[in-house]
Amino acid sequence: MDSDSRHLLIPEVDHEINPGPMNIQFDSSDIRSKRPFYIEPTNIVNVNDVIQRVSDHASALNKRIHYYSRLTAPTDNTLVAPDHVVPAPEECYVYSPLGSAYKLTSYTEGYGKNTSFVTIFMIWNTMMGTSILSIPWGIKQAGFTTGICIILLMGLLTLYCCYRVVKSRSMIYFFHHINDTDAILSTNDSNPVICPSAGSGGHPDNGSMIFYANDTELQQFEEWWNKSRTVPLYLIGLLLPLLNFKSPSFFSKFNILGTVSVVYLIILVTVKASYLGFHLEFHWVTPTEFFVSEIRFQFPQLTGVLTLAFFIHNCIITLLKNNKNQENNLRDLSIAYMLVTLTYLYIGVLVFASFPSPPLSKDCIEQNFLDNFPSSDILSFIARIFLLFQMMTVYPLLGYLARVQLLGHIFGDSYPSIFHVLILNLFIVGAGVIMACFYPNIGGIIRYSGAACGLAFVFIYPSLIYIISLYQEERLTWPKLLFHVFIILLGLGNLIVQFFM
């Protein structure tokens, strides 16, 4: 450690001569190490283990690469980092702004082992999330025809931005709740569809609906099982203990539940649509009593949802890095996006088209389409159970990452004590409970968060990196500049308009 901290350049002064310019000599003991300056070790974040430390050697190699990159312009290959400076694959890290370093185990372990089929499935599985529940509502907000077109266009746009993320590696070098006023329509005894908001007067009068205002048992049930007043409190006792696990490796083994949930939702929608049939009428501008217009000015709400629904840009490099045939990355990425787009279209179109109008209005479609089925519906109840278990496995993983980043940076340990971890987890769970109590609107949450995160990771960063790289290589043209600035402006407009819808 002492040898690392010695200066590379040693000043020596000849005291027998009048004071003059300082003679600079190399310390021969440091020439062999070739370290331009001393490097403090950095924290490693490993989701399957506790925080470790980056070795002095690996940390120094990382700093040397940055040292060489500053000697000349990026387009000048005269002074490139020599082989002995480039770290070995097992010593590659991504350095966080909070001071931690993520060891790229997925880059080095099993590199190039996944076939194209596995890679496509991984991208599809990673992209599928709870946003799929709000796609039918988004289509209703945009209008049936407009919604389909927006899903297709957003899929193409986000695919292009994701492609720009993948190519950036080679261009820039850097490492509802149902209450006693709910209206219920029973198309048959086994497949009822409800309009939870009908009692508020926001939807057309549906004379054929049945009200259960005098059902004492139902009222008691609603008193103890209320989506915005009691259920969030029950979840505290369920989720808070899970967040206090020291390592989340146990939960990471249950990611398959996400796939099972999506597949079951597809089966559920197919079965319900086969019983209900299709109910469609096309009115392009003017809505009717039971049908919305094909073009609605609320369409930006769908674009906000889709920004999060198609969001995978922050981890696509990692997923494609393990592709066995790297030359097929673009093809596999395009196929995965096509499958995701088709999945969203299938769920959204079937739920919207099969929603029974009349007697219910299409405006009754909820932000979470499962809320359009009563709690007594067995198939939708099973779907909620699948989603609950999926969130019970994902939530601890997200909480662990927040713990590692915050506590690891502040205390140098991701688990300094059970007291520190409990306080942090109380804030995390408390924020979710407050949101569930006062703003239990999944569609609104998804579109706001999707538009905000997407502005940076989907629209700005990929386009900006591409513009900078072309500029550095002196290949930037006005059409390319204007096109990518237009993409950035689309992302900015997508965020701003969410606050006016």
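Student: Where is S168 found in this predicted model?

Tutor: S168 is found in the loop between α7 and β7, the latter covering residues 183–186.

Student: What makes S168 count as buried?

Tutor: Buried means under 20% relative accessible area. S168 has a relative accessible area of 6%, so it is buried. Its side chain reaches the backbone oxygen of V165 at 2.5 Å. Leaving aside neighbours within four places in sequence, S168 is also in contact with I317 and I465.

Student: How do you know whether S134 is buried or exposed?

Tutor: We use the cut-off of under 20% again. S134 is at 0% relative accessibility, and therefore counts as buried. You will find S134 in the loop between α5 (116–127) and α6 (135–142). Not counting residues up to four places away in sequence, S134 touches V305, Q367, I442, G443 and I446.

Student: V305 belongs to α12. Why is helix α12 called largely enclosed by the rest of the structure?

Tutor: Because 9 of the 10 residues of α12, which spans residues 300–309, are buried. Those buried residues are P300, Q301, L302, T303, G304, V305, L306, T307 and A309. They pack against α5, α6, α7, α14, α17 (442–472) and α18 (478–498).

Student: Why is α12 described as oblique to α18?

Tutor: Two packed helices are described by the angle between their axes and the distance between the axes. For α12 and α18 the angle is about 120°, with the axes 9 Å apart. Roughly perpendicular covers 65 to 115 degrees and roughly antiparallel starts over 145, so α12 is oblique to α18. The crossing of these two helices is left-handed.

Student: Which residues of α12 and α18 meet, and how do they divide by class?

Tutor: On the α12 side they are P300, Q301, T303, G304 and T307, and they meet N494, V497 and Q498 of α18. The residues of this contact divide into 2 nonpolar, 6 polar and no charged.

Student: What makes α7 and α14 roughly antiparallel?

Tutor: Helix α7 (residues 144–167) and helix α14 (residues 329–354) pack at an angle of about 160°, and their axes are 10 Å apart. Angles over 145 degrees count as roughly antiparallel, so that is the term for α7 and α14. Their crossing is right-handed.

Student: Which residues make the contact of α7 with α14?

Tutor: From α7 come F144, I148, I151, L152, G155, T158, L159, C162, Y163 and V166, while α14 brings L330, L333, S334, Y337, T341, L345, V349 and F352. By class, this contact has 14 nonpolar, 4 polar and no charged residues.

Student: Where do cis peptide bonds occur around P358?

Tutor: One joins S357 and P358, with omega at about -15°. Another joins P358 and P359, where omega is about 10°. P358 lies in the loop between α14 and α15 (378–411), and P359 is in that loop too.

Student: And E474: how do you know whether E474 is buried or exposed?

Tutor: Exposed means over 50% relative accessible area. E474 has 74%, so E474 is exposed. Its place is in the loop between α17 and α18. The backbone deserves a look as well: E474 has a positive phi of about 60° although it is not a glycine.

Technical notes: Residues numbered from 1 in each chain as written. Predicted model: local features only at pLDDT ≥ 70, side-chain atom pairs only at ≥ 80, totals over all residues. Heavy atoms only, no water. Axes fitted to C-alpha atoms, helices over the stretch in contact; angles between N-to-C directions. Helix = DSSP H or I, 4+ residues; strand = E, 2+ residues; numbered from the N terminus. Parallel < 35°, antiparallel > 145°, perpendicular 65-115°, else oblique. Left-handed = near helix turned anticlockwise from the far one by under 90°. Contact = heavy atoms within 4.5 Å. Nonpolar A, V, L, I, M, F, W, Y, C, P; charged D, E, K, R; others polar. Buried < 20%, exposed > 50% of the residue type's maximum accessible area, 1.4 Å probe, protein only. Polar contact = N/O pair within 3.5 Å; in protein donor to acceptor, adjacent residues only side chain to side chain.
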